[in-house]
Amino acid sequence: MYLLTGCPKRVKITLKGFSKLKNCYRHLSYDPNVTILGIETSCDDTGCAVVDGKANVLGESLFSQNMLHLRYGGINPLVARDLHRDNIEFAVKQTLEKSKLNASNIDAIAVTTKPGLLISLQIGVKYAKYLAKSYNKPIIPVHHMEAHALVARMFYDIEFPFLALLISGGHCLLTVVKDVDNFLLLGNTLDNAPGEVLDKAARRMKLRNIPAYSELVGGKAIEEAAKCAKNPELFAFPTPLVKSRDCNFSFSGIKEVLMKHLVRKEKEHNAVGDEIIPEINDLCAAFQLIIAEHISHRVQRAVLFCTKNQFLKEDNKNIVVSGGVACNDFIFKTLQNVGMQWNCNVIRPPPKVCTDNGVMIAWNAIEKIKKQYQFPDITLDSIDPKAPLGVNITDKVKKANIYVKATRLKDMFN
Ligand code: KG4
Ligand code: ZN
């Protein structure tokens, strides 16, 4: 039995009758045994999962295209779309099999509708609509970035409000999460995302030619190479946006500096073709270090801004770090150190759900069901590739003009 709302009066109807009514909202009552099928196709991963109301993952499936796109220097939207199309049916089938459920037993289908690549999002939404129609199930639309921010609550007891840092191949932002769908945007990247520059740098440094890294995504390959560094101070990088008293990010400048260091060293060693410079580990360490320092610098200002405006609970300040780059242990440990300094807990979901996945989409739907949200019927027009996250208060942050000394992490190597 579902509750239909949004019509002049709330009416209780049976599930069978639902599909005949138009322009109405569905409302699913929370029950710990509720099961949600989540579908994620916003970028280059076809992710699918069934999650129940008690936060159990009953089954999941992930088809990652990352390595393929990396070889060609970035995500090719047409290739991404075609691979989603090839994989979506199997991903759903496999997930349901692992869950020991069939589509008719699922209570609702959650799908990413924004933001992301239009033609990739369309595949997920079309398939979700097909399933919803075939099995007469409600669809729950999900904002990809909101899902990244909330998935930590599936694993840890984190109350609202909290601060979230979302760092991935497509995004870099700082947000106050006030509630399930109530976000304040404190800062955003002005150019590239950190995962994007890590991937491009790894490709240009030819890390794939080192057998131990040949199967790793760019960010992970740089993290591993950095562990072998002997002299991370060999390469200097300027700290981005050091004079901008806001919480925005910029990674394009340090990417250019990395390219200059690399070209200079390649010339010096006469490294041509597939040859790799001998200082590669030091270069990776210096690059990872400046990324960690830049991110930490902005996070500190965000903490001070939130404290000043009482956006976080004084006795329980939590910072959630999520998105693919959050898998980086060096960056995460750096943020934990920053957290200790400012009396904040720094928490990340398990690395498997930091990267794009179907679990976070299904979980987001459960969070909404618990809050008794109403779900409109979605169409392809509901897709919004450029959807912002929350209320943008980046100007307010700038106006607050909070000074924070640039973070220096050299000590971590000693
Ligand atoms: O969240 P995600 O799966 O997809 C996007 O929305 O972009 O993030 C993928 C990004 C890639 O750029 C990848 O290089 C990066 O996450 N990444 C890492 C690590 N593992 C994945 N970056 C740094 N260190 C890692 N260990
Ligand atoms: Zn993502």
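Predicted model: local features only at pLDDT ≥ 70, side-chain atom pairs only at ≥ 80, totals over all residues.
Residues are numbered from 1 along each chain as its sequence is written, and side-chain values use heavy atoms, with hydrogens and water left out.

A salt bridge is a side-chain nitrogen of Lys or Arg within 4 Å of a carboxyl oxygen of Asp or Glu, and by this rule the count comes to 20. Among them are the following pairs.

| Pair | Closest N to O |
|---|---|
| Arginine 348, aspartate 329 | 2.5 Å |

Glutamate 266 lies in helix 8 (residues 252-269) and arginine 204 in helix 6 (residues 194-204), so their pair ties together parts that are 62 residues apart in sequence; helices here are DSSP runs (H or I, at least four residues), numbered from the N terminus. Glutamate 266 is buried at 12% relative accessibility, whereas arginine 204 is partly exposed at 30%. Both lysine 265 and glutamate 279 are buried.

Helix 9 (residues 280-308) has 29 residues, of which 25 are buried, so this helix is largely enclosed by the rest of the structure. Its end C-alpha atoms are 43 Å apart, which agrees with the 42 Å that its residues should span at 1.5 Å a residue, the expected span being 1.5 Å times one less than the number of residues. Just after helix 9, glutamine 310 takes a positive phi of about 50°.

Terms used:
Chains lettered and ligands numbered in written order. Helix = DSSP H or I, 4+ residues; strand = E, 2+ residues; numbered from the N terminus. Buried < 20%, exposed > 50% of the residue type's maximum accessible area, 1.4 Å probe, protein only.
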